[in-house]
Amino acid sequence: MKYVGIQTQIQRNNMMSILLLLMFPIIILGMIWVFLALINYFGNGYYNDYGELVHQLSIDEVNYYFITTIPWVIVGVGIWFCIAYFSNTSMIRNAVGAQSVTRMENPRLYNIVENLCMTCNMEMPKINIVNDPGLNAFASGIDNKSYTVTVTTGLMNLLNDQELAGVIGHELTHIRNRDTRLLITSIIFVGIISTIMSMALRMMNNVMVFGRYHDNDRDGRGSGLSFWLILIVGIICTFVAYIFTLITRFAISRKREYMADAGGAELCGDPLALASALRKISGNPGLGSTKREDVAQLFIIHPKDMESGFMNFMNSLFSTHPDTEKRIAILEQF
C-alpha cells in the first residue's frame, strides 16, 4: 500500500470538499428546473379528437421561466445563507446552553487548550462549557473571531488530562483544517432545502384540512387538482434534492473525522489516549439538552452512531461520522 502523508490527505480532502460544496447550488437550481418542467408538462395538457388528455413539454418555455427565476432564487438563498452563516455561533451556543469560560474559571481546561494551540502555532479559540453529564465535545465557528471549542462537564469529569488533550486536539484539528466552516456551510444548505420541503408539506396539510378537491373539466378550469399537482411535484422535487444534499454532506463529514483523529493524536502526542477517550465517550455520547440534529452532527461522536441492530446498519449508511470502533482501531495501530 502506497504511503500518503497527512498533508497530502488534507489537500485531497479539501479539494474533494470544494467539489462537493459546489454541488449544493447545482442541486438547488436543478430542483427548480425539474419543478418547472413538470409543471409545464402537466399544465400544457389538452384533449385530442378522441377525448384523451395529452400532455406536452415545452423546453423553451421551461428554460425561459428558469432563467427569469434564477436571480430571485440567488437573492433569496443568498440572504438566507448570510443570516444563518454569520449568526451560527450564537445559534449553536443557545442550542446547547453553553457558557464561555476563562482561565480563572477553569484553569485545567484553559491550560490544555492553550498548550495545544502553542504546539501547533494557532490562535486561541474561544472555550465553552456545557453543564451536562453527557460525554461530548465539538468545534464550531467560521473564522478566528468565532472559532470555539465546547466540552461538557461530564467529559471533563471522566477523562484524565491526557485523554482530554486528545479530544481537544481532535477539535482543534477540525478548526485548523477549516472543517467547521465547511460543515456549517453544508448544514445551512441542507437546512434551506429541508425548510422548503416542510413548507410544501404544510401547504399540503392545509389543503387537506381546509381546501376542497376539484377535478379538471374538459375546459381545464378545475383549480383544485392543479394546486394539488403543483404541491405534489414540489414535494417530490424537494425530497429528492434533500436526499442528495444529505449524501453530499455525509461524504464531507466522514472523511474529515479520520483526519481530525490523526491530528488530535499528533497534537497530544499519544494516540492511545485519544483512543481511550473515544472508548469512554462511546459509553454515553451526546448532550441530553440538545435535540437539534444539525448541532449533533458537530459532536466528536454522534449519539445515533451508538445504536445497535438494524438501526445501527441504517445509521451507518447515512451517518456523518465513521464507525467509532474503526476510529479506535486505527488509533491503536500507531
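Two strands count as paired if DSSP finds at least two bridges between them. Helices (H or I, at least four residues) and strands (E, at least two) are DSSP runs, numbered from the N terminus. The structure is a predicted model, in which local features need pLDDT of at least 70, side-chain atom pairs count only at pLDDT 80 or more, and totals for chains, interfaces and linings use all residues. Residues are numbered from 1 along each chain as its sequence is written, and side-chain values use heavy atoms, with hydrogens and water left out.

The protein chain has 12 helices and 6 strands. Of its 334 residues, 44% count as buried. Buried means under 20% relative accessible area, exposed over 50%, and partly exposed in between (1.4 Å probe, protein chains only). Contact means heavy atoms within 4.5 Å. Among contacts between residues at least 6 apart in sequence, 69% join residues at least 24 apart.

Four strands form an open sheet in the order 3-4-6-5, with mixed pairing. Strand 3 (99–100) and strand 5 (137–140) stand at the edges; each has a single partner strand, so one side of each is left without a neighbour in the sheet. Strand 4 (residues 126–130) and strand 6 run parallel and are joined by 5 bridges. In this pairing, isoleucine 129 stands opposite valine 151 of strand 6. Strand 5 pairs with strand 6 (residues 148–152) in the antiparallel sense, over 4 bridges. Here phenylalanine 138 faces threonine 150 in strand 6. Alanine 139 stands opposite valine 149, and serine 140 stands opposite threonine 148.

Strand 6 is mostly covered, with 5 of its 5 residues buried. Thr148, Thr150 and Thr152 point one way from strand 6, whereas Val149 and Val151 point the other way.

Phenylalanine 86 lies in helix 2 (residues 59–86). Phenylalanine 86 counts as exposed because its relative accessibility is 62%. The C-alpha atoms of phenylalanine 86 and isoleucine 142 are separated by 8.2 Å, although the two residues are 56 residues apart along the chain.

Helix packing was examined next. Two packed helices are described by the angle between their axes and the distance between the axes. Axes are lines fitted to C-alpha atoms, for helices over the stretch in contact, and angles run from 0 to 180 degrees between N-to-C directions. Angles under 35 degrees count as roughly parallel, over 145 as roughly antiparallel, 65 to 115 as roughly perpendicular and the rest as oblique. A crossing is left-handed if the near helix is turned anticlockwise from the far one by less than a right angle, and right-handed if clockwise. Ala, Val, Leu, Ile, Met, Phe, Trp, Tyr, Cys and Pro count as nonpolar, Asp, Glu, Lys and Arg as charged, and the others, Gly among them, as polar.

Helix 4 (residues 107–120) packs on helix 6 (residues 161–176) at an angle of about 50°, with the axes 10 Å apart. That makes helix 4 oblique to helix 6. Their crossing is right-handed. Helix 4 contributes Arg108, Leu109, Ile112, Val113, Leu116, Cys117 and Cys120 to the contact, and helix 6 contributes Asp161, Leu164, Ala165, Ile168, Gly169, Leu172 and Arg176. These residues divide into 10 nonpolar, 1 polar and 3 charged.

Helix 6 also packs on helix 9. The axes of helix 6 and helix 9 come within 8 Å and cross at roughly 90°. The two helices are therefore roughly perpendicular to each other. Gln162, Glu163, Gly166 and Val167 of helix 6 meet Ala273, Leu274, Ser276, Ala277, Lys280 and Ile281 of helix 9. The residues of this contact comprise 5 nonpolar, 3 polar and 2 charged.

Helix 9 (residues 271–281) packs in turn on helix 12 (residues 324–332), at an angle of about 160° and with the axes 8 Å apart. Helix 9 and helix 12 are therefore roughly antiparallel. Helix 9 passes helix 12 in a left-handed crossing. On helix 9, the contact is made by Pro271, Leu272, Leu274, Ala275, Leu278 and Arg279; on helix 12, by Thr324, Arg327, Ile328, Leu331 and Glu332. The division is 7 nonpolar, 1 polar and 3 charged.
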